[in-house]
Amino acid sequence: MIINRISELDWLRVGLILAVFLHHVLMPFNGDGWHIMNSESSKLLDDIMVYFEQFRLPALFFIAGAGSVLLLRRISALQFLREKFFRLFIPLMVGMLFIVPPQNFIENIGDYESYWQAFPTLALKFDSNHLWFIEYLIVFALFAIPLHIFLKSKPAMLIKSGLERLSFIPSGLFFLVAVLIAIRVGLKIYFPENDQTIGNPASSLFYLFFFVSGMSFIQSQIVWQSISKNRRANMMWLIVSSLIFYGYYYSPDLSRYLSLQTRWSIWWLVCCLVAWSALLTLIGYTQHYLKNTPEWLKLSNELIYPFYIFHQTVIVVIGYYVISWPISLGYKALILLVSSLLVTTSICLLAVYPFNMSRRLFGLKPEKVSVSDDMAYNKALHRTGR
């Protein structure tokens with residue numbers, strides 16, 4: 001039986017995208033070489049941010065996988081593809097043509113005379129930049145259709161039964177991290193690059209694991225409910241994983257004892273421990289405590305997608321000016337946070353949400369004109385003699 005309650009997914013989707021937003025607000029101040037960089041940076045900030053990097057996007061891919069099953073339950077495969085074309089492909093094209101170029105211009109502002117002189121070159125690069133997440137979702141959506149069919153087959157019932165038996169053990173689902181570690185560490189040996197392109201198997205199959213897990217877990221009410229039931233056990237594993245993560249992160253120089261490849265393999269292993277345990281913990285506690293979707297959350301869930309598309313460009317453009325001000329790092333970060341949040345939210349509410357054309361361009365369904373509105377419009381036309 002496929003479960004119907006998705007309140008936890010609503011809460012997590014909004015919360016995780018806002019976490020991505022906060023991460024990008026702080027990027028100019030962590031010394032990590034982003035699009036724009038403040039002259040002063042904080043090592044402590046970087047040390048904190050590297051931890052949360054491990055599970056934000058994996059959790060979003062898990063949610064996307066679960067959402068794909070819920071959607072395919074209601075519509076046909078052809079309708080699903082059409083839905084994803086308007087939801088993902090069109091916003092990606094619009095984003096690469098119009099939203100991403102300002103970021104690349106700011107990053108290389110000294111190379112151009114003006115933005116309008118640079119725009120044709122930048123637009124035709126079709127650089128996805130922060131929208132690489134949407135590229136992945138497009139490919140995974142194509143994969144979701146045959147996987148959804150497979151999950152209804154008899155062989156898949158054996159997998160489902162195995163997951164259900166595993167979910168009865170308090171830490172059972174956590175131990176699936178062994179599969180994730182094998183994928184991540186094994187592929188990183190042959191594909192060590194850190195790029196997030198869909199063509200990098202070490203990256204794409206890592207995120208695919210979370211997407212497939214979302215599709216698989218939500219197929220079974222037993223598995224899904226066990227995540228909430230075993231939330232304390234998963235929290236314990238998250239604490240242990242976090243201690244191992246920072247223990248290795250702050251470890252002394254091990255180059256005399258371990259090869260570079262071995263040190264990187266250990267790093268990817270501890271990152272997988274945090275990513276998987278954090279995912280299970282987040283879902284478990286959100287399920288247990290956030291059981292309803294209030295009206296404001298429904299609106300937020302709708303607007304969070306265009307918010308994601310616009311947010312980084314807004315941050316880069318505003319941040320370019322903020323980082324030049326002669327004030328402390330903390331004040332700059334706070335000003336950038338508040339101003340970029342207000343501007344991005346205003347764009348979504350005032351420029352995207354009210355108009356069907358912009359709604360379609362940025363992944364929202366167009367609003368239907370009600371019969372009463374249509375009749376009123378026709379009467380008005382009749383009175384004016386048109």
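Visitor: Hi! Which residues here are linked in a network of salt bridges?

Guide: Glu302, Arg359 and Glu367 are. A salt bridge here is a side-chain nitrogen of Lys or Arg within 4 Å of a carboxyl oxygen of Asp or Glu. Before we go on, this is a predicted model, where local features need pLDDT of at least 70 and side-chain atom pairs count only at pLDDT 80 or more, while totals for chains, interfaces and linings use all residues. Residues are numbered from 1 along each chain as its sequence is written, and side-chain values use heavy atoms, with hydrogens and water left out.

Visitor: Okay, so how far apart are the closest N and O atoms of Glu302 and Arg359?

Guide: They are 2.5 Å apart. Glu302 belongs to helix 14 (residues 295-322) and Arg359 to helix 16 (residues 356-361), so the pair ties together parts that are 57 residues apart in sequence. The helices are DSSP runs of H or I with at least four residues, numbered from the N terminus.

Visitor: And what about Arg359 with Glu367, how far apart are their closest N and O atoms?

Guide: There the distance is 4.0 Å.

Visitor: Is Arg359 buried or exposed?

Guide: Arg359 counts as buried, at 3% relative accessibility. Buried means under 20% relative accessible area, exposed means over 50%, and partly exposed is in between, using a 1.4 Å probe and protein chains only.

Visitor: How many salt bridges does the structure hold?

Guide: Six. One of them joins Arg13 to Asp10, with the closest N and O atoms 3.5 Å apart. Both residues are in helix 1 (residues 7-26), three residues apart, which is about one turn of the helix. Arg13 is partly exposed at 22%, whereas Asp10 is buried at 12%. As background, side chains of opposite charge can pair when their charged atoms come close.

Visitor: New topic: rings! How many aromatic pairs are there?

Guide: The structure holds 49. Take Phe245 and Tyr249: their ring centres are 6.2 Å apart and their planes are at 5 degrees, so this pair is stacked. The rule is that rings of Phe, Tyr and Trp (its six-membered ring) pair if their centres lie within 6.5 Å, with planes under 30 degrees apart called stacked, over 60 edge-to-face and the rest tilted.

Visitor: Where do Phe245 and Tyr249 lie?

Guide: Both are in helix 12 (residues 231-249), four residues apart, or about one turn of the helix. Phe245 is buried, with 0% relative accessibility, and Tyr249 is partly exposed, with 23%.

Visitor: Which charged residue lies over the face of Tyr305?

Guide: That's Arg87, at 4.3 Å from the ring centre. Likewise, Arg231 has its charged end over the ring of Tyr285, 5.7 Å from the centre. The test for a charge over a ring is NZ of Lys or CZ of Arg within 6 Å of the ring centre and within 35 degrees of the ring normal.

Visitor: What about holes? How many cavities of 30 Å³ or more are there?

Guide: Two. A cavity is a set of points on a 1 Å grid over the protein atoms alone where a 1.4 Å probe fits but cannot get out, and lining residues have an atom within 4 Å of a point. Points are joined across faces, edges and corners, and a volume is the space filled by probe spheres set on them.

Visitor: What lines the largest cavity?

Guide: Its lining includes Leu151, Met157, Lys160 and Gln219. Helix 8 (residues 154-167) gives the most, with five residues. The cavity holds about 60 Å³ of space.

Visitor: And what is the volume of the second largest cavity?

Guide: About 40 Å³. Among its lining residues are Pro170, Phe174 and Asn234.

Visitor: Last one: which loop holds Phe126?

Guide: Phe126 is in the loop between helix 6 (115-123) and helix 7 (132-150). Phe126 has a positive phi of about 50 degrees, although it is not a glycine. Asn129 is in the loop between helix 6 and helix 7 too, and its phi is also positive, near 50 degrees. For context, most residues other than glycine have a negative phi.

Technical notes:
1 Å grid on protein atoms, 1.4 Å probe; cavity = no way out; pocket = protein on both sides within 12 Å on 5 of 7 lines; lining within 4 Å. Helix = DSSP H or I, 4+ residues; strand = E, 2+ residues; numbered from the N terminus.
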